[in-house]
Amino acid sequence: MAGEGLMEAVPARTRVYVACVALAALLCLLPPPGIRTPWWAVALLAALYAGCERVARSRFVGISHPAGTFYPVLLAGAFLLPAPAAALVAVPGALLSPAGQRPVALRRIWRAAQLVLGVWTAARVHTALGGRNAVLEGDVPYALGPAGAAVLAFCLVLALLDGGILVVAERVPVRRAWRGLVERSLAPIAVHGLAGLMMAVLWRSPYGPVAALLVLLPMCVSWWAFAQYHRERAAHQATIRALVQAVDIKDGYTRGHSERVGQASMMIARELGMADERVEVLRFAGILHDVGKLGVPTRLLRKDGPLTPEERRVIELHPEYGHEMVRGIGFLGEARAAVLHHHERLDGSGYPYGLLGRQIPESARVVAVADAFDAMTSTRSYSRARPVAVALAELERCAGSQFDPVMVAALVEAVGRVGWRPAVTADDARTPRVPPPGAPLPSRPGAHR
């Protein structure tokens, strides 16, 4: 879920949050007096979960599953065991599985604490609704209700904790932190919950734990399918990286520009509340918006000073070149329209087709703002970087005529909350001439190359 990829640079408030969650998890692991714990079952399920996690995150599968592939094992424990014992099943696997990024220890503690609280809550809900008796008796129809409630509780706890880490670590506004977390995770976790219920029922059947393990066979199929999907996505990313690197090599002054436009486009899309899938497509749009420069003579891209009208007409062909290059790449979706139309203006004076207002695709209106913002805050052969506040003010001045006011407002809000690190992309030896004090700013912030 969302909290899995957040803590590369960990501020103190995030460490405090993780410590509080870990303390709550430790309290959940304390067994209440008078309850007998079947330690052999705990050990078997914990070993099974740890082993499955290692395989799921290994090179054999080729992916690092972001949501925990073996929730069926954890939920089977919640349906079979007392709450503290069920929560303990998650600990070895979470602490031993690869963390991916630093800080490794904190990430593992976070993952373990999150799962402990989720499984403990699911087990308590399941027991309170009489689900354990239904599992013991093999009454599957009756067991579905308590199991469904337990799965929902499990999902809600994970979403609650993930939203909290978004608020604390990335300072995402509270109104947006939990948006979509439950909806995105509930369906796959419900499937895992059904598999966990089948495991629990077979575990208590005359066939015993060996029969329960057969339920994991379908999960192996989903493993493989998920791995293929991620390999395909990795191939897509490699394709995009190759195109962007070619542009960066050809136009050294804008090295890194494409990635920053992709980042700014993503910030705008998130501020507008777009779905994650669309946010990713708009990131691709920002990254690839200048790929058509591969068809423009290098001498024009690297020319010092202003362009002649003839040279500018050649430069203005790059959106069409770019669209020709990417139109056959199906996974880009609406990003292709952004590549073609990101230099259109709301007043119809843009290029290549002079579209007006809402005729311009939304993706292109997002990328146009992101592109102009990074161009203004980066030093190039023909212009000196402006301060972020000045660039934002210029975008607001041009909103309604050149840029979509909604997109400009979203960028202003996002930059105000998370900040922006401007970059100098020109070589020091070729720093552009500094305009004299008091000189007016160019009236067309989007008229960059």
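1. A nonpolar core is taken here as a set of buried Ala, Val, Leu, Ile, Met, Phe, Trp, Tyr and Cys residues joined through side-chain atoms within 4.5 Å, where buried means under 20% relative accessible area, exposed over 50%, and partly exposed in between (1.4 Å probe, protein chains only). The model is predicted, and local features need pLDDT of at least 70, side-chain atom pairs count only at pLDDT 80 or more, while totals for chains, interfaces and linings use all residues. Residues are numbered from 1 along each chain as its sequence is written, and side-chain values use heavy atoms, with hydrogens and water left out.

2. The largest nonpolar core has 46 residues, among which F373, L395 and L411 touch the most other members. At least two residues of this core come from each of α12 (216-250), α13 (257-271), α14 (276-288), α18 (335-341), α19 (362-376), α20 (388-398) and α21 (405-418), the helices being DSSP runs (H or I, at least four residues) numbered from the N terminus. Helix α19 gives the largest share, 8 residues. With contact meaning heavy atoms within 4.5 Å, and residues up to four places away in sequence not counted, F373 touches V388, A391, L392, L395, L411, V415 and W420. A second, separate core holds 45 residues, including L48, A78, F79 and L158.

3. Rings of Phe, Tyr and Trp (its six-membered ring) are paired if their centres lie within 6.5 Å, with planes under 30 degrees apart counted as stacked, over 60 as edge-to-face and the rest as tilted; by this rule there are 4 aromatic pairs. In one of them, Y17 and W110, the ring centres are 5.8 Å apart and the planes are at 40°, so the pair is tilted. Because Y17 lies in helix α1 (residues 12-28) and W110 in helix α6 (residues 104-128), the pair ties together parts that are 93 residues apart in sequence. W110 is itself buried, at a relative accessible area of 1%.

4. Helix α1 also contains L26, which counts as exposed at 53% relative accessibility. Together with L23, L27 and L30, L26 makes a nonpolar surface patch of about 440 Å².

5. A salt bridge is a side-chain nitrogen of Lys or Arg within 4 Å of a carboxyl oxygen of Asp or Glu, and the whole structure has 12 of them. One joins the side chains of E271 and R417 (2.9 Å, N to O); since E271 lies in helix α13 and R417 in helix α21, this pair ties together parts that are 146 residues apart in sequence. E271 is buried, with a relative accessible area of 13%, whereas R417 is partly exposed at 27%.

6. Another salt bridge links E394 and R397 (2.7 Å, N to O), which are 3 residues apart in helix α20 and therefore separated by about one helical turn; E394 is buried at 6% relative accessibility. R345 and D347 also meet in a salt bridge (3.4 Å, N to O), R345 being buried at 11% and D347 partly exposed at 38%.

7. Two loop positions deserve a look. Between α18 and α19, the loop includes P352, which is joined to Y351 by a cis peptide bond with omega of about 10°. Between α20 and α21, the loop includes Q402, which is buried with a relative accessible area of 6%; the C-alpha atoms of Q402 and A368, 34 residues apart along the chain, are separated by 9.1 Å.

How values were computed
Patch = residues over 30% accessible without salt bridge, like charges linked within 9 Å, V, L, I, M, F, W, Y side chains within 5 Å. Areas by Shrake-Rupley, 256 points an atom, 1.4 Å probe, with all protein chains shown as cover.
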